[in-house]
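Please view the sequence and the structure first.

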Amino acid sequence: MQTPPAQPQPAKPPATKKPQAPEPPKTAAPPAASGEAAAVLALVNKERAAAGCSAVTINAKLTKAAQDHSQDMASHGNMSHTGSDGSDPGQRITRAGYTWSTYGENVAYGYSTPEKVMEGWMNSPGHRQNILNCSFKEIGIGLAQPNHYWTQAFGTAR
């Protein structure tokens, strides 16, 4: 017997800190998303464009934080914004080397396609708020098996 996909849990409101000195300009091109992450990125940016927000770009450090959290959730069979080590999203993003001024996280499990997980997130007010938060400039997307554990890590660098 197969159980229906779990509904995404409400996202915590993004934490915000006052920006400090700006980071130096980036010289390398941003990393490219591929596969299911690329599909989620395209769907996120389609929703953001419809809401009048600029597109988010993939960030390798946010991707590491998102992928590590998805893998942690899959390994422990537990969907949560709290990691198995007690970490919160800000701690995980910082640990991945991302220097943030603001961040947000969406998690979900049981959705087998990018389209289904995005539909679930867009039908959840807290997750929708993160996706349509125009202050976010970058994203990392993680997916781990078994059971399709998804994480979106949103951020704006200092």
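What percentage of the 158 residues in the protein chain is buried? Buried residues account for 44% of them, where buried means under 20% relative accessible area, exposed over 50% and partly exposed in between (1.4 Å probe, protein chains only). The model is predicted, so local features need pLDDT of at least 70 and side-chain atom pairs count only at pLDDT 80 or more, while totals for chains, interfaces and linings use all residues. Residues are numbered from 1 along each chain as its sequence is written, and side-chain values use heavy atoms, with hydrogens and water left out.

**Fold**
- The protein chain has five helices and five strands, taken as DSSP runs (helices H or I, at least four residues; strands E, at least two) and numbered from the N terminus.
- Along the sequence their pattern is β-α-β-α-α-β-α-α-β-β.
- Of the contacts (heavy atoms within 4.5 Å) with a separation of 6 or more, 74% are between residues 24 or more positions apart.

**Surface**
- The protein chain has an accessible surface of about 8,200 Å², 55% of it from carbon and sulfur atoms; the areas come from the Shrake-Rupley method with a 1.4 Å probe.

**Disulfide**
- There is one disulfide, defined as a pair of cysteine sulfur atoms within 2.5 Å.
- Cys53 is joined to Cys134, with an S to S distance of 1.9 Å.
- The disulfide is left-handed because the torsion about the S-S bond is about -75°.
- Cys53 is buried at 8% relative accessibility, whereas Cys134 is partly exposed at 34%.
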